[in-house]
Amino acid sequence: MYDYGLFIGGKWIERERKIEVRNPYNDELVGYVTQAEEDDVDKAVDVAEEAFKTCSFPAYRRANILSKTADLMEEDLQEIACLITLESGKAIKYSIGEVKRGIETLRFAAVEALKLHGETIPMDASQSGENHIGFYMRMPIGIIAAITPWNFPLNLVLHKVAPAIAAGNSVILKPATATPLTAAKLAEIMKKAGLPDGMFNVIYGSGSTIGKKLIKNEKLAMLTFTGSLQVGSYLKEETKAKRLTLELGSNSALIVDRSANIEKVVPKCIVGSFANAGQVCISIQRIYMHEDIFDEFLDSFKQAVSKVKVGNPIDEDTEYGPLIDDAACIRIEEWINEAVQEGAKIEAGGKFIGKKLLNPTVITNTKPEMRVICEELFAPVVCVIPFSDFDEAIDMANNSIYGLNAGVYTNDLQNAWKAALKLEAGGIIINDYPTFRVDQMPYGGVKSSGVGREGLSFATEEMTEIKFITFNLG
Ligand code: NAP
């Protein structure tokens with residue numbers, strides 16, 4: 001049974017209250033973490049401040065620790081993957097994939113630690129700069145607070161912690177209350193890898209108490225948040241951190257043009273719509289399908305959907321498991337029913353087949369104002385919408401408050417370029433699904449999908465500030 005204390009200043013600290021972590025598939029107890037008291041938040045910030053000021057943390061050491069963490073994670077890959085599955089309900093094959101990605105994230109971050117550099121400025125380009133030498137360096141910014149969601153409990157934590165450490169900052173992490181054990185395991189591994197005490201601290205507790213207290217601390221140089229638009233909007237208004245990165249949700253669109261190869265598109269739509277029960281920020285929610293191939297696609301897609309295995313996420317052949325909690329089940333059932341009442345047609349699924357297990361669901365005949373279209377579904381549900389004109393498809397895809405990744409399948413070069421330039425999203429994925437992500441690419445949203453970019457070189461740079469230095473030689 002896992003049982004972790006708060007991780008502050010390199011020590012595991014116990015308090016009176018514990019948080020139970022349960023498997024969302026069968027409600028079995030997976031472990032405990034210590035519930036932080038409100039004072040622990042300030043304590044963690046003070047410890048992080050002290051570590052940042054006093055720790056000697058040159059680039060080679062930061063890179064070594066990040067690489068060593070990756071090595072240790074490789075040794076424990078299977079155990080960490082099981083832990084992700086047990087606390088989040090993610091199917092084991094995808095949890096293994098998440099650990100592998102986490103290892104890559106660490107290795108990319110190690111490279112960034114070694115690459116951080118400034119450049120010289122041509123001072124004599126200005127008359128008053130004559131006889132001056134000028135250059136800048138990239139400096140760490142200080143204490144970074146990281147608040148993370150439950151759906152990628154390892155890799156999304158690493159997308160904050162690894163670049164923060166690469167840049168030489170100290171970090172306080174508040175992971176999602178549903179999935180704190182993977183974060184605690186990471187702290188254990190990083191300590192073993194030689195991370196100096198206080199440079200990485202982990203506190204647990206609800207967002208509305210512990211998270212709220214953390215974001216209001218005036219010592220924070222930066223808050224980096226991944227989660228819902230609702231919480232992100234609140235943080236934007238309330239945080240006292242000097243910088244803010246928000247990685248929020250979306251209702252990602254995939255446009256499939258007449259020239260696309262349906263045999264290639266169908267399997268991608270299965271994974272993109274249903275992996276992790278659709279609880280992925282770039283899950284496919286809206287498929288805009290050219291009317292000439294609409295029926296053919298729908299037939300093949302429905303056949304493929306009927307073969308998707310839903311069940312116990314620890315089984316190797318399971319494609320996806322449960323929704324995270326009862327509230328998510330109630331919400332999604334309501335949205336589906338509402339869409340049906342307003343004229344939508346359920347082509348597949350639409351029913352719960354077990355506790356928190358929703359059948360893969362395909363909906364047609366939707367209207368743009370239905371919540372299954374315009375709000376973030378975050379469930380194994382996808383809507384298929386016909387279009388006749390490619391420009392119309394782009395307009396429909398852009399008719400959203402969100403803009404994270406958008407996917408386009410087309411063999412028409414003009415349309416590919418049109419999509420690349422006109423789609424409103426942080427990432428445009430041509431001839432692949434919007435769910436495509438590798439960890440070094442710039443990743444983040446436009447519109448209500450967020451501000452700032454993750455991806456190791458981008459996040460590391462955002463976690464530094466420029467110090468300019470000039471010598472007067474005159
Ligand atoms: P969430 O409800 O917004 O929670 C995210 C984190 O914020 C959790 O740690 C939560 O703590 C904390 N929190 C909640 N209220 C807070 C407050 N008032 N002050 C400070 N912290 C607070 O999101 P989620 O359900 O965990 O994750 C799903 C969402 O994340 C979806 O919208 C998804 O699209 C988005 N997401 C985005 C990306 C991306 O990269 N763009 C990636 C993954 C997920 P508790 O757990 O204690 O509530």
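A salt bridge is a side-chain nitrogen of Lys or Arg within 4 Å of a carboxyl oxygen of Asp or Glu. Keep that rule at hand for the exercises below.

The model is predicted, so local features need pLDDT of at least 70 and side-chain atom pairs count only at pLDDT 80 or more, while totals for chains, interfaces and linings use all residues. Residues are numbered from 1 along each chain as its sequence is written, and side-chain values use heavy atoms, with hydrogens and water left out.

**Exercise 1. Describe how domain 1 and domain 2 meet.**

Step 1: Find the parts. Domain 1 covers 2-249 + 449-471 and domain 2 covers 253-439, with bounds from an automatic or database domain assignment. Their centres, taken over C-alpha atoms, are 31 Å apart.

Step 2: Look at the contacts (heavy atoms within 4.5 Å). Here 30 residues of domain 1 touch 31 residues of domain 2.

Step 3: Turn to buried area, the accessible area (1.4 Å probe) that two parts lose on being put together, summed over both. The two domains bury about 2,600 Å² between them, and 57% of it is on carbon and sulfur atoms.

Step 4: Apply the opening rule. It finds four salt bridges across the interface of domain 1 and domain 2.

**Exercise 2. Classify the ring pairs Y4 with W12 and F387 with F390.**

Step 1: Recall the rule. Rings of Phe, Tyr and Trp (its six-membered ring) pair if their centres lie within 6.5 Å; planes under 30 degrees apart count as stacked, over 60 as edge-to-face and the rest as tilted. The whole structure holds eight aromatic pairs.

Step 2: Take Y4 and W12. Their ring centres are 5.3 Å apart and their planes stand at 40°, so this pair is tilted.

Step 3: Check burial (buried is under 20% relative accessible area, exposed over 50%, partly exposed in between; 1.4 Å probe, protein chains only). Y4 is buried at 7%, whereas W12 is partly exposed at 32%.

Step 4: Take F387 and F390. With centres 6.4 Å apart and planes at 75°, the pair is edge-to-face. F387 and F390 are both buried.
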